[in-house]
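Please open the structure in your viewer and keep the selection tool at hand. The tour below moves from one selection to the next.

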Amino acid sequence: MRSLLSWSTCATSADCVGVARQPYGRCLHHLEADELEACLQGFSPGQAVDLRGTVITGELLDAILSATGHAIGRARFDGARFLSPARFGDAVFTSDASFDGARFDGLASFFGTGFNGNASFHGVRFAREFSLHGCRVRGHLSLDEAVVTNDALFGEACLGSASFRGAEFHGFASFDRTRFHGDATFRGARFWRAVSFRRTGFDGSSGFESVRFVGKAFLAPSVVARRLVLTEARAQGAVEIDVTGCPVVLDGARVLGRLVVRLGDVDLDLRGLVSRGASSVTRRGGEIRVVSVDRLDAEELTIDGADLSGCHLPGVVGPERLSLRDCVFASTPRGRHQLRLSWPPQWPPRWSARLSAQWAARRSSRLSTPWSAPWPPRWPWRRAKTAKPRLRVIKFTWFALVAVVTVAALVLSAAPQPSGRRPIGHRPTSAPVATQHGGLHG
């Protein structure tokens, strides 16, 4: 085990992997009282602290914080084990701080702690509560693959960029009023209980790709500068999304509980969304532009006040379960479904995909409950049993009408037409009239 470590370990026993302090060759946990006091006297504010692999008690941690004046330089707690509650309080890490692979058997509190550099908690195990409430991290915060057995509190923290890839939160997780000045990534994270992002600010993107929500999820950030992504997310409980002014992507997401989406001035992508609870998408201000509903499979979904002009509604799985209210649809191009004389005549005109989508959407918007019309939609006067006979009658009527018009045209063209007009220069002639002076020969 020692050969895998990058530091010289304690010589007290083979089980201790704490970094050895020279010239004693033992870690701080195994030093005698006078030896420990001599080591602590060499500490000063802003000095680097190396406690890798060391077992740290509450008394030892308090002594180190007091010796450094609560101002620690480069801090290395990799693989350390905190047996007692670890309270860093108002301590300031003037440089990078690393806790990778550490274990906290008790409370881990960084309430109001300042990190002037990066803070890494990669693979850390928190047996109790973990708190970064009100802390400040100017650099990058990493909790990749960390496990928090109890509640995790990040409220009112001010963070740079942050990464929670593969992290597990078995208790309640609160990010209320947290500010992320960079991108925040939660790819593959798992929240076993409720998680809250109320009034959270994201100056970059917020990515929840492949996240698992077992409990309720409240995603109501106050600001998202770029976009809110829940691609391939999975939720067993209720999910509430309330956001304004950024694109929202639910591509391939699957929600088994209730899904409530309240948006304003947002581009919404519902491609491949699967919803098994009563779901709704409503407009709370501004516009909602739904960019895609392809492969949307919702058991009961109501979309209210959205712009669907860029969507292809026939791509919805089970459109009879979709209810649309006060939505905007794409207009059919002029002449797309005009009646034209052709042979054999076709009546009714063929339904285009866009025309059928408009018909379905407008009909569903007129009904208070989701409509159950067949797909593709039928004309209002058609019935399943009488559609074919009526179609035959209509075709015969068209044939008879064309025949009558053709015969009438031929008859009118063959009949002689009397003319009341006279040729130009024509003079009328009359028979000679006898006079009183000798008759015809004078």
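**Stop one: a serine in a strand**

Begin by selecting Ser-279, which is found in strand S39, made up of residues 274-283; bear in mind throughout that this is a predicted model. Ser-279 counts as buried because its relative accessibility is 6%, and the cut-off for buried is under 20%. Show its side chain next, and you will find that the side chain of Ser-279 reaches the backbone oxygen of Gly-277 at 3.1 Å. If you leave aside the neighbours within four places in sequence, Ser-279 is in contact with Leu-259, Glu-300, Leu-301 and Thr-302.

**Stop two: a helix with a buried face**

Now select helix H2, residues 58-67, where Gly-58, Leu-60, Leu-61, Ile-64 and Leu-65 are buried. Turn the view to look down the axis of H2: the buried residues fall within an arc of 165°, so they line one face of the helix. On the other side of H2, Glu-59 and Ser-66 are exposed. The buried residues of H2 pack against several elements, including helix H1 (33-41) and strand S1 (49-50). After H2 comes Gly-69, which has a positive phi, near 65°.

**Stop three: the open sheet**

Finally, select the twelve strands that form an open sheet with parallel pairing, in the order S1-S4-S8-S12-S16-S20-S24-S28-S32-S35-S38-S40. The edge strands, S1 and S40 (288-292), each pair on one side only. Within the sheet, zoom in on S20 (residues 162-163) and S24 (residues 184-185), which pair in the parallel sense over two bridges; there, the bridge partner of Ala-162 is Ala-184 in S24.

Note on methods. Residues are numbered from 1 along each chain as its sequence is written. This is a predicted model: local features need pLDDT of at least 70, side-chain atom pairs count only at pLDDT 80 or more; totals for chains, interfaces and linings use all residues. Side-chain values use heavy atoms; hydrogens and water are left out. Buried means under 20% relative accessible area, exposed over 50%, partly exposed in between (1.4 Å probe, protein chains only). Helices (H or I, at least four residues) and strands (E, at least two) are DSSP runs, numbered from the N terminus. The arc is that of the directions from the helix axis to the C-beta atoms. Contact means heavy atoms within 4.5 Å. Two strands pair if DSSP finds at least two bridges between them. A polar contact is a pair of N or O atoms within 3.5 Å; within protein, one must be able to donate a hydrogen and the other to accept it, and residues adjacent in sequence count only if both atoms are side-chain atoms.
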